Amino acid sequence: MALGGAILYWMYRGFDFDTVAHVLTDEMDWTWMLLSFPFGIMAQLFRGWRWKQSLDPIDEHPRISSCINAVFLSYAASLVIPRIGEFTRCGVLKKWDGVSFAKALGTVVTERAVDSLIILAITGITLLYQLRIFSVFFDKTGTSFSSILGNFSFAGYLVTIICGIAVLLLLHLLLKRLSIYDKVKTTLHGIWQGVISLSKVKNLPLYIVLSVGIWVSYFLHYYLTFFCFEFTENLGVMCALVTFVVGSIAVLVPTPNGAGPWHFAVKTMLILYGVVDQHALYFVLVVHSVQTMLVVLLGVWAWAHLAFTRKVSGIQFKNQ
């Protein structure tokens, strides 16, 4: 939160926030923002549905409503503590449907791997079509691979590798001496079962369709916001795709909902496409704030819905 706040303060120092109210009431077409909401919701619905697909093969059978509510709640929880949502949603399934926490966590690991492959494919295609823009972006932000790797000498690489191996060995020795070693092994086994669940998915085509549908929905949720403002409505789908890719990579930085890094990355790209600095700041501030509020509302909905949902064990639900 401190990191995200620091980046936002650096970006918006000297910014006249009084003008934002005028933009929201007089210069923004809220119709397009409202039209983008269903796609933001669909992305999370698809994610919950896909999650159930990967849990069924490992003999865990949660209700699909529980999976969806767990996903809603996980994104809201991550606004408070980044990345905690992955554990939150596994905890929700354990509490309401008796699903093994370790197995659920393993399927989440697999999900992240699948999502990473999809975003890498999207990034690769986008890079091929917009290589010049990306090159300028890397040069202006100092994030080119050559500049990062250039700071490492051979000795630096060697020391980094040795330190990594030493940490792994130390953890192994510590766990071996602790009484919880057997429990840790059991937990890791459960996680591994979740990881390999993808190989046992009964309806693989549906899993693939849902995976693609998640990212198509995410993109449309973002792209439709371009039509809310005069200064972005004519930038085109390729500009939206480039800024979407850069923003998706930026949210890897652990700040609440990517606040700060997402603003900086998307704003920088919009300026490269000819949007003036002030307008780019308006766009990232309004879009991120509104979409974050949607995440909060979905989290509140999930919390309320779960409060009135009957808890059942995994065995009970399977027998039903």
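Helices H5 and H6 cross in a right-handed sense (right-handed if the near helix is turned clockwise from the far one by less than a right angle, left-handed if anticlockwise). This is a predicted model, in which local features need pLDDT of at least 70, side-chain atom pairs count only at pLDDT 80 or more, and totals for chains, interfaces and linings use all residues. Residues are numbered from 1 along each chain as its sequence is written, and side-chain values use heavy atoms, with hydrogens and water left out.

**Overall make-up**

- The chain has 15 helices and 0 strands (DSSP runs numbered from the N terminus: helices are H or I with at least four residues, strands are E with at least two).
- Of the 320 residues in the chain, 43% are buried (under 20% relative accessible area; exposed is over 50% and partly exposed in between, with a 1.4 Å probe and protein chains only).
- Take the contacts between residues at least 6 apart in sequence: 74% join residues at least 24 apart (contact means heavy atoms within 4.5 Å).

**H5 against H6**

- The axes of H5 (residues 85-97) and H6 come within 9 Å and cross at roughly 140° (axes are lines fitted to C-alpha atoms, for helices over the stretch in contact; angles run from 0 to 180 degrees between N-to-C directions).
- That angle makes H5 oblique to H6 (under 35 degrees is roughly parallel, over 145 roughly antiparallel, 65 to 115 roughly perpendicular, the rest oblique).
- H5 brings Glu 86, Phe 87, Arg 89, Cys 90, Gly 91 and Lys 94 to the contact. H6 meets them with Phe 101, Ala 104, Leu 105, Val 108, Glu 111 and Arg 112.
- By class, this H5 and H6 contact holds 6 nonpolar, 1 polar and 5 charged residues (nonpolar: Ala, Val, Leu, Ile, Met, Phe, Trp, Tyr, Cys and Pro; charged: Asp, Glu, Lys and Arg; polar: the others, Gly among them).

**H3 against H6**

- The axes of H3 (residues 30-55) and H6 come within 10 Å and cross at roughly 120°.
- H3 is therefore oblique to H6.
- The crossing of H3 and H6 is right-handed.
- From H3, the contact uses Arg 47, Arg 50, Trp 51, Ser 54 and Leu 55. From H6, the partners include Ala 104, Thr 107, Val 108 and Glu 111.
- The H3 and H6 contact has 5 nonpolar, 2 polar and 5 charged residues.

**Thr 123 in H6**

- Thr 123 sits in H6, which spans residues 101-129.
- Thr 123 is buried, at 13% relative accessible area.
- Apart from neighbours within four places in sequence, Thr 123 contacts Val 245 and Ile 249.

**Aromatic pairs around Phe 226**

- The structure holds 19 aromatic pairs (rings of Phe, Tyr and Trp, its six-membered ring, with centres within 6.5 Å; planes under 30 degrees apart are stacked, over 60 edge-to-face, the rest tilted).
- Tyr 222 and Phe 226 have ring centres 5.4 Å apart and planes at 75°, so the pair is edge-to-face. Both residues are buried.
- Phe 226 and Phe 283 have ring centres 5.2 Å apart and planes at 80°, so this pair is edge-to-face.
- Phe 226 lies in the loop between H11 (204-223) and H12 (237-250), and Phe 283 in H14 (residues 277-307), so the pair ties together parts 57 residues apart in sequence.
- Phe 226 is buried, with a relative accessible area of 1%. Phe 283 is buried too, at 0%.
- Beyond neighbours within four places in sequence, Phe 226 contacts residues including Thr 232, Leu 235, Cys 239, Leu 270 and Phe 283.
- The C-alpha atoms of Phe 226 and Cys 239 are separated by 9.8 Å, and the two residues are 13 apart along the chain.
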